[in-house]
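Here is a friendly walk through one protein model, from its overall contacts down to single residues. Have the viewer open as you read.

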Amino acid sequence: MIRPQILSSTTALRVVPMACTMGSRTFATTAAFRAAANIQQRTTAQHAAAASSSGQTRSESSAAGSPLTKQDAVSTVPQQPPTFTGDWLLFHPVYKADEVKAVEVVHQVPTKLSDRVAYRLVKLCRWGFDVVSGYKAKPLPADAHKMTLQKLREDGYVLGPDAWLNRFLFLESIAGVPGMVAATLRHLQSLRLMRRDNGWIHTCLEEAENERMHLMTFMTLRKHSIFFRALILGAQGVFYNMFFLTYLFMPAAAHRFVGYLEEEAVRTYSHCIQDIENNLVPEWRTAPAPQIAIDYWRLSQDASILDVVYAVRADESTHRFVNHSLANLNQKTDVNPFAIREPDMHTKGHKISFNRDEAATYVEESRQLLERQSKTGTEA
Ligand SMILES: [Fe+2]
Ligand SMILES: [Fe+2]
């Protein structure tokens, strides 16, 4: 069975080239390895054909206009609708219309000291960033209907598109760090200890790429200044190292921290959606979605920025659910319950996490699902 790169629904089954164990039961897929090898062969052949037909030498390839040189770091997908591309991406869900509306603002109540510290830390970070970025999220005054949109923005009740984008760009540049750090450390641990990873690495990598795609999407809507780049550079340097050390010694606390960070992300994007729908960001009400977002989330060709923000919020809700669930597990021994499939948004958007027993049940259901599938030879 081929592991699909993009699924039409979050409920669909995904199969990864790994063995998942729960107790004495083991299931593995070798077909995924063969499929991956085929894809690799095809890609190599395509590159060879392209090089041969263009007749380019190595020195010529660095010249302007070379297929190896992309001036635009965003547009790696062709801009010709309605052809979708993006098979170079890791797994990520594609949402149905009702799924993106199913996301709610929910909260994991801290029970342990490390949870409380993680929660307070996230709240502190959020407060600091709100102050710096001028985000107040305060309720509209009673006489808001008498105020112009300009006045509401000046008084800090409402953010304009540029202010929203500054916020999104900074947050997404940070949000892409934890998944990559977690995947790196788990990968190295697997090499060091010469044992399997129980399916955690892929999920962490998928989250990192998903966050980076959020950044790539919003980058198409706003040019960033040198000062903004410097800010991101400094923040990344500090955050990467702090998160690396935290994950090295306290991986559960690190996942909990990310879970709380994602709670804030869902809150922020929900606020943005509410403002767009209340016509407080009229510039975005019907503005077209960037092509990269249409390709990535398989949106309709007439999708708007509002549709993009809905999709991003659904992603953040997934990160919230996944990280809080992973934080509930034994980091050394437990299987990642989301290595094979994920619940749909009606669960991930409403429920804050799986506890350890629920995770074990979900893994067992996945195993039975694969077993049935292998008997019938059908896809789940
Ligand atoms: Fe994000
Ligand atoms: Fe996220």
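## Contacts and overall make-up

Among contacts between residues at least 6 apart in sequence, 76% join residues at least 24 apart. Please keep in mind that this is a predicted model. The protein has 380 residues, and buried ones make up 33% of them. Its secondary structure comes to 13 helices and four strands.

Where do the buried nonpolar residues gather? In soluble globular proteins, nonpolar side chains tend to be buried together. Here the largest nonpolar core has 54 residues, and those with the most contacts inside it are V100, F257, A293, V308, V309, A311 and A314. Six helices each supply at least two residues of this core: α5 (161-193), α6 (200-219), α7 (226-249), α8 (251-277), α10 (291-297) and α11 (305-327). With eleven residues, α8 gives the most to this core.

Setting aside residues up to four places away in sequence, V309 touches Y269, C272, I273 and I276. There is also a second, separate core of 13 residues, and F321, V322, L326 and F338 are included in it.

Let us look at α11 and two of its partners. The axes of α8 and α11 come within 8 Å and cross at roughly 160°. An angle over 145 degrees counts as roughly antiparallel, so α8 and α11 are roughly antiparallel to each other. The crossing in which α8 passes α11 is left-handed. By class, the residues of the contact of α8 with α11 divide into 14 nonpolar, seven polar and six charged.

On to the other partner: α6 and α11 pack at an angle of about 155°, and their axes are 11 Å apart. That angle makes α6 roughly antiparallel to α11. As α6 passes α11, the crossing is left-handed. Which residues make the contact of α6 with α11? From α6 come T203, E207, N210, H214 and T217, while α11 brings V308, V312, D315, H319 and V322. Sorted by class, the contact of α6 with α11 has three nonpolar, five polar and two charged residues.

Next comes the pairing of α5 with α6. Their axes come within 8 Å and cross at roughly 160°, and α5 and α6 are therefore roughly antiparallel to each other. The crossing of α5 and α6 is left-handed. Their contact is made up of 15 nonpolar, five polar and five charged residues.

Is V177 buried or exposed? V177 has 20 other C-beta atoms within 10 Å, so it is buried; the cut-off for that class is 20 or more. Leaving out its neighbours within four places in sequence, V177 is in contact with Q236, F239, Y240 and F243. The C-alpha atoms of V177 and R212 are separated by 9.0 Å, although the two residues are 35 residues apart along the chain.

Most residues other than glycine have a negative phi, and most peptide bonds are trans. N198, in the loop between α5 and α6, has a positive phi of about 65° although it is not a glycine. With 22 other C-beta atoms within 10 Å, N198 is buried. N279 is found in the loop between α8 and α9 (282-285), and its phi, near 60°, is a positive value in a residue other than glycine.

The last stop is P141, in the loop between α3 (113-133) and α4 (149-154). P141 counts as exposed because it has 12 C-beta neighbours inside 10 Å, and the exposed class covers 12 or fewer. P141 and Y157 are 16 residues apart along the chain, and their C-alpha atoms are separated by 8.3 Å.

Conventions. Residues numbered from 1 in each chain as written. Chains lettered and ligands numbered in written order. Predicted model: local features only at pLDDT ≥ 70, side-chain atom pairs only at ≥ 80, totals over all residues. Core = buried A, V, L, I, M, F, W, Y, C linked by C-beta atoms within 7 Å. Contact = placed C-beta atoms within 7 Å. Axes fitted to C-alpha atoms, helices over the stretch in contact; angles between N-to-C directions. Parallel < 35°, antiparallel > 145°, perpendicular 65-115°, else oblique. Left-handed = near helix turned anticlockwise from the far one by under 90°. Nonpolar A, V, L, I, M, F, W, Y, C, P; charged D, E, K, R; others polar.
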